[in-house]
Amino acid sequence: MSRLREADFGTPARPSERQVALTIDGRRILATEGTSVMRAAAEAGLAIPKLCATDSLEPFGSCRLCLVEIDGRRGTPASCTTPVVDGMTVRTQSDRLARLRKGVMELYISDHPLDCLTCPANGDCELQDMAGVVGLREVRYGFGGANHLDAEKDQSNPYFTFDPSKCIVCSRCVRACAETQGTFALTIDGRGFASKVATGAGATFMESECVSCGACVQACPTATLMEKSVISLGQPEHSVVTTCAYCGVGCSFKAEMQGDRVVRMVPLKDGGANEGHSCVKGRFAWGYATHKERMTKPMIRDHITDPWREVGWDEAIAYSARMFLDIQKRYGRGAIGGITSSRCTNEEVYAVQKMIRAAFGNNNVDTCARVCHSPTGYGLKQTFGTSAGTQDFRSVAKADVILLIGANPTDGHPVFASRLKKRLRQGAKLLVVDPRRIDLVKSPHVSAAAHLPLRPGTNVAMINALAHVAVTEGLIDRAFVTQRCEPADFARWERFIAEPRHSPEAIEAITGVPAADVRLAARLFAEAPNGAIYYGLGVTEHSQGSTMVMAMANLAMATGNIGREGVGINPLRGQNNVQGSCDMGSFPHEFPGYRHVSDDAVRQSFESAWGLGLDAEPGLRIPNMFDAAIEGSFKGLFIQGEDIAQSDPNTHHVSAALEALEFIVVQDLFLNETASFAHVFLPGTSFLEKDGTFTNAERRINRVRPVMAAISGKQEWQVAADLATAMGYPMGWESGAAIMDEIARVTPTFQGVSFAKLDRLGSVQWPCNEAAPDGTPIMHRDGFVRGKGRFMITEFVPTEERTSRFFPLILTTGRILSQYNVGAQTRRTDNVQWHPEDLLEIHPHDAEERGIETGDSVALASRVGATTLRALISERMPQGVVYTTFHHPMTGANVVTTEYSDWATNCPEYKVTAVQVTRSNHPSDWQRQRQATDNARRRVLPADDAAAQ
Ligand code: SF4
Ligand code: SF4
Ligand code: SF4
Ligand code: FES
């Protein structure tokens with residue numbers, strides 16, 4: 001349990017080497033140069049009254065409550081806007097100051113509703129607190145004058161209200177939206193008494209540019225901006241620090257609670273990844289955890305056409321163990337396997353992979369990272385020696401030029417996007433490589449220095465051209481390369497990349513991007529003091545995903561942009577624990593810590609730790625499991641928290657594989673699409689019930705603390721342990737902490753990690769061991785993990801997926817801010833108000849050619865399947881490319897995507913599918929069939945009937 005309120009020092013810290021000595025209220029105080037008098041006093045435990053100041057925002061100096069007296073200065077300066085000076089003598093309390101402060105408060109209170117007792121902020125209102133602090137006992141002006149008490153409430157946002165009658169026009173919300181979030185949705189309209197907070201063009205919050213991040217709500221010192229959950233439930237009474245379960249940013253939150261009920265989620269100021277900020281998903285979209293559709297009891301059935309029958313845990317575990325063992329007896333040890341989930345904790349993933357390797361007796365374990373960031377693991381391991389991004393998020397504040405490739409952070413990684421936008425407002429330059437004109441190309445106060453809208457599938461040609469310019473124009477960092485990289489590999493690469501066929505002019509016909517723009521971008525990046533590369537699934541989900549990761553690593557090494565703040569190769573990971581699930585040994589060829597199963601020394605260390613012999617042969621990857629299922633040699637599958645029937649490419653093929661399996665166990669929160677093919681359903685735990693850790697995109701290991709008991713009665717790692725035990729390999733731990741202790745014992749990069757350390761430090765970034773006891777924010781500082789950096793040859797090979805007369809457009813896919821992945825969580829929250837269905841974005845010219853208007857129902861067909869959805873004409877799209885999201889099962893975007901995949905890792909090529917789009921008013925065959933089978937396969941027998949059977 002942690003403190004409900006975090007300390008507020010009034011103004012932000014000013015990191016500086018220099019200390020300043022001053023006297024405040026007779027006390028001699030040391031403060032960092034540049035610090036405000038208000039903060040210096042607060043750090044020394046002296047609170048100066050304040051209203052417009054808060055330490056997440058730059059000081060504004062509007063309320064005049066924080067006045068102080070300073071020797072040698074006239075008047076009463078505002079302490080929030082006055083920096084400390086050596087030898088300064090400050091008084092924070094005097095009769096004059098008390099009079100002035102009371103006067104300020106009287107003015108505020110005379111125009112404020114006197115409904116404190118029934119106000120939702122009662123007990124958590126800074127105005128109320130300050131009235132008490134200044135000793136306000138009367139309001140000389142009375143309450144009958146002109147006021148704003150009748151101002152109309154805006155309740156349009158599903159999660160918070162805006163009640164202008166309570167507004168003190170302190171501008172904290174406006175500044176939070178600008179400084180913290182970077183959206184600039186709010187402004188102060190009018191002057192003097194008429195001034196008021198407004199959204200652009202007088203729209204409601206829902207109609208405005210607002211993205212519901214909640215920063216303004218958090219900043220508001222009154223009940224003006226207030227969470228609806230607090231209005232309906234009342235004030236929380238304790239809080240628990242935990243981690244968001246959505247994206248790979250890994251924001252830390254205080255779950256503010258009444259008993260075991262969440263009242264609100266408040267981003268933690270000390271959160272290493274988010275530093276007090278959040279997006280709409282983490283802050284508001286947690287209601288799914290107690291949604292009525294949550295499955296809370298184990299269920300079994302003999303055939304997938306039977307209704308589900310609720311059973312106890314013992315029966316479900318015994319039945320699953322019996323079925324898996326029986327399959328192994330009939331078809332061999334390798335006929336079963338499992339898939340771990342990047343939504344689960346490190347401890348849960350570790351338990352499942354151990355269950356598979358030790359109790360199943362094979363290495364048939366894979367993870368959903370296969371379909372997103374497996375090329376990151378491969379590419380960075382080849383070039384740098386370890387499968388992870390190089391920086392912490394804080395590093396972006398030191399970048400001068402940021403090369404953003406195949407990522408859309410304002411939708412996919414919103415809190416990182418806010419940090420990035422802040423840096424851009426400070427003058428850093430942005431280069432966007434993306435077919436689509438994403439928000440960051442041009443949004444308030446942000447304008448990319450270059451947008452390279454390349455054809456989907458031509459990333460490698462583009463990055464080679466950027467490197468070509470650096471090499472041929474003498475922009476290589478020779479000192480870095482000589483000192484830090486393998487010389488022979490570099491020389492080979494330099495000759496390769498300097499070939500004229502890689503020049504921007506030569507690849508213009510391939511990428512469709514003018515050569516001059518490519519040259520400009522290459523020079524900007526290569527000449528930057530600090531050049532940083534950030535990328536997403538637009539890099540990895542291609543047939544050349546691994547090549548592209550290596551090519552980016554080449555460019556970073558060649559320009560000396562590795563090993564310090566402000567540079568690096570930064571994968572923006574999709575799911576909350578993609579990094580962790582890979583770290584924990586989820587790939588069929590690697591034990592925890594990315595060590596090959598065929599390495600005798602490594603394998604023997606696990607054999608001795610786990611007390612049994614282990615298979616030296618790598619197991620099946622997910623696509624191999626599907627193929628083997630259809631071919632008949634693979635028969636049983638355990639699926640932890642992943643909806644492969646919706647998320648994996650070529651739905652027809654996945655469905656055929658799942659139908660071919662004899663036995664499937666699904667562990668999840670809801671009866672998802674994959675559960676339609678399952679024989680056992682084991683209820684999972686939401687992040688509010690989990691006791692473990694997530695590892696975010698910066699390798700930051702964050703605690704996930706339970707705020708309520710597991711609704712199903714079991715932690716997920718307990719289920720894996722019970723199943724392993726029932727299959728003959730006794731496995732079990734007393735707690736999540738004990739699992740982490742075991743992980744630390746068997747994984748060198750985690751050797752120094754423990755729950756106790758995480759409790760003490762908040763979070764740590766691996767490697768965390770004897771050499772780095774408090775973790776490693778920036779990797780490869782003095783040398784690469786593999787010793788010398790290795791340049792790889794990155795030949796551009798076009799994908800086999802080609803457009804044709806019948807399929808003339810390219811479909812590419814992505815996410816939207818309010819929804820998350822297959823939508824299992826966000827569709828069960830009010831976030832559906834922003835995105836109730838997936839839409840097909842299409843360029844106006846392509847739409848016109850086909851007679852398509854926004855809102856029309858259109859058929860989207862590829863060589864492997866077809867679906868129907870509604871169209872949105874969008875200037876963001878280049879001609880010839882269409883785009884959709886995959887958040888809603890009935891859209892079935894993956895019915896259309898193909899099985900082409902990355903040559904090294906089998907990561908599917910979601911981002912390039914040749915398609916045709918036509919007007920159509922009826923659902924596709926697949927949609928009709930799904931509708932017909934869906935309800936039948938989700939039937940659950942009432943408990944009485946189940947007992948009678
Ligand atoms: S919720 Fe976020 S985006 Fe919306 S107005 Fe507030 S700060 Fe701005
Ligand atoms: S809404 Fe809240 S934060 Fe914004 S100006 Fe009014 S009182 Fe200040
Ligand atoms: S979804 Fe991502 S950015 Fe949003 S709060 Fe959660 S971790 Fe942070
Ligand atoms: S807190 Fe300093 S002027 Fe408002």
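The protein has an accessible surface of about 34,100 Å², and carbon and sulfur atoms hold 51% of it; areas come from the Shrake-Rupley method with a 1.4 Å probe, and for residues only the protein chains shown count as cover. This is a predicted model, where local features need pLDDT of at least 70, side-chain atom pairs count only at pLDDT 80 or more, and totals for chains, interfaces and linings use all residues. Residues are numbered from 1 along each chain as written, chains are lettered from A and ligands numbered from 1 in the order written, and side-chain values use heavy atoms, with hydrogens and water left out.

Of the 949 residues, 64% are buried, meaning under 20% relative accessible area (1.4 Å probe, protein chains only). Among contacts with a separation of 6 or more, 73% join residues 24 or more positions apart; a contact is heavy atoms within 4.5 Å.

The secondary structure comes to 31 helices and 36 strands, taken as DSSP runs: H or I of at least four residues for helices, E of at least two for strands. The radius of gyration is 29 Å, close to the 30 Å of the globule rule for 949 residues, so the protein is as compact as a globular protein of that length. That radius is over C-alpha atoms, and the rule is 2.2 Å times the number of residues to the power 0.38.

Now the ligands. Around ligand 3 are, among them, C244, C247, C251, C279 and K281, where a shell residue has a heavy atom within 4 Å. Helices α7 (280-284) and α12 (414-425) each give two or more residues to this shell.

Around ligand 1 the residues include C177, C210, C213 and C216.

Technical notes
Buried < 20%, exposed > 50% of the residue type's maximum accessible area, 1.4 Å probe, protein only.
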